[in-house]
Amino acid sequence: ALSFRPKDHPPTKTDLSLLLECLKYQMKCPASQKQALFTIYSICQQRGLSHTDVMSLILSMGGVVFVYNLSKSSAHSEVRETAQFTLGMLAEANVYCKQALCRRETFSDLAECLMQQDSPLTQRRVAVYLLSVLVANNRSGQKFAQTSGCLDILTSFPLSGEATVRPANVTQLFQLWTSVSSALCGCVNNPQNEESQRMCVSAFPLVKGWLQQLSHPYAEMVQPICSFISMTVANNNCAQDSFSTVGGLGNLTLTLIRLASDASHSPLACQLSVIMTKTLSACIIDNPVLASGLAGYGLVPQLHSLLSSPSLEPQDRLIVILTLGHCTEASGMAGTHSFICFK
């Protein structure tokens, strides 16, 4: 544990001490406990205070442990949810808080929470948020996510039974999948984790279904879905092949072609096309067999047309050019000839 030097921020120490006392003695008053947790969050976000000092205070006073226990044992679901959110914020702000929470028990508790299908959607989202913080840039967290069952749950529950996008639930589904995508990306990337990538492949059939439904009304879902695909296939030929085998690469290509055809007159279509082009590039890089297989879709002229879009940002032009390079290089002179013809 880190030690706190009282001379640094004595008023903050007093405030945190009172807030922790409130949490301990207001067990029958969830509104007061929620307010105390939000105030702790507010103190940690104040400008002018060193995060290290504030987190040292919370750790040395047993605050992280108490909030964690509260997130498990409170009789009030709203308190448990707020406590988990506070833990996520503390772990995101300070590596020592993150290390204190990165334990097998924490991940087992999160797995249990995620498996409760009847729990409120917001509570599941907060649990996923905490999980995403704990696995980010953390090999130990990635390992705990694998062995606790969290990763298996994440690759199935956000889509299973909810894969049909309807206007009534699209916002909630988008919010949930955004949180899940962030957690999954943390499980497979930075550092790259091939075992996690292998486990995430099981979600490809479901992601394929979502790609088939993507259109302008659901544009916000493109980025989290594409982030998940890109991170899972990155530098991994086996994952690339798996995505292609289930039909995901074909659906991704067809969706890109549909969006790119509108890019010349729609800034949104252009933006989405760039995101999907970057994802497509991750799916075929260093995999000439998959890249050459895209020739039959007529992708090259569509990518060339995308380069002519007035909405294309200069920094995005390189992404399109690189993807064109992967396609034409793999296709040999035939692909190059196609590119020249449409130049």
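What percentage of the contacts in the chain between residues at least 6 apart in sequence join residues at least 24 apart? In this predicted model, the share is 74%.

**Figure 1. Overall view of the chain, with its 20 helices.** The predicted model contains 20 helices and 0 strands. The chain has 343 residues, of which 50% count as buried.

**Figure 2. Packing of helix α5 against helix α8.** Helix α5 spans residues 77-93 and helix α8 spans residues 121-135. Their axes lie 9 Å apart and form an angle of about 20°. Because angles under 35 degrees count as roughly parallel, α5 is described as roughly parallel to α8. The crossing in which α5 passes α8 is left-handed.

**Figure 3. Residues at the contact of α5 with α8.** On the α5 side, the contact comprises S77, R80, E81, Q84, F85, L87, G88, M89, A91 and E92. These residues meet T122, Q123, V126, A127, Y129, L130, V133 and L134 of α8. Sorted by class, the contact of α5 with α8 has 10 nonpolar, 5 polar and 3 charged residues.

**Figure 4. Buried residues of helix α19.** Helix α19 covers residues 299-307, and its buried residues are L299, V300, L303, H304, L306 and L307. Around the helix axis these residues cover an arc of only 155°, so they are on the same side of α19.

Technical notes
Residues are numbered from 1 along each chain as its sequence is written. This is a predicted model: local features need pLDDT of at least 70, side-chain atom pairs count only at pLDDT 80 or more; totals for chains, interfaces and linings use all residues. Side-chain values use heavy atoms; hydrogens and water are left out. Axes are lines fitted to C-alpha atoms, for helices over the stretch in contact, and angles run from 0 to 180 degrees between N-to-C directions. Helices (H or I, at least four residues) and strands (E, at least two) are DSSP runs, numbered from the N terminus. Angles under 35 degrees count as roughly parallel, over 145 as roughly antiparallel, 65 to 115 as roughly perpendicular and the rest as oblique. A crossing is left-handed if the near helix is turned anticlockwise from the far one by less than a right angle, and right-handed if clockwise. Contact means heavy atoms within 4.5 Å. Ala, Val, Leu, Ile, Met, Phe, Trp, Tyr, Cys and Pro count as nonpolar, Asp, Glu, Lys and Arg as charged, and the others, Gly among them, as polar. Buried means under 20% relative accessible area, exposed over 50%, partly exposed in between (1.4 Å probe, protein chains only). The arc is that of the directions from the helix axis to the C-beta atoms.
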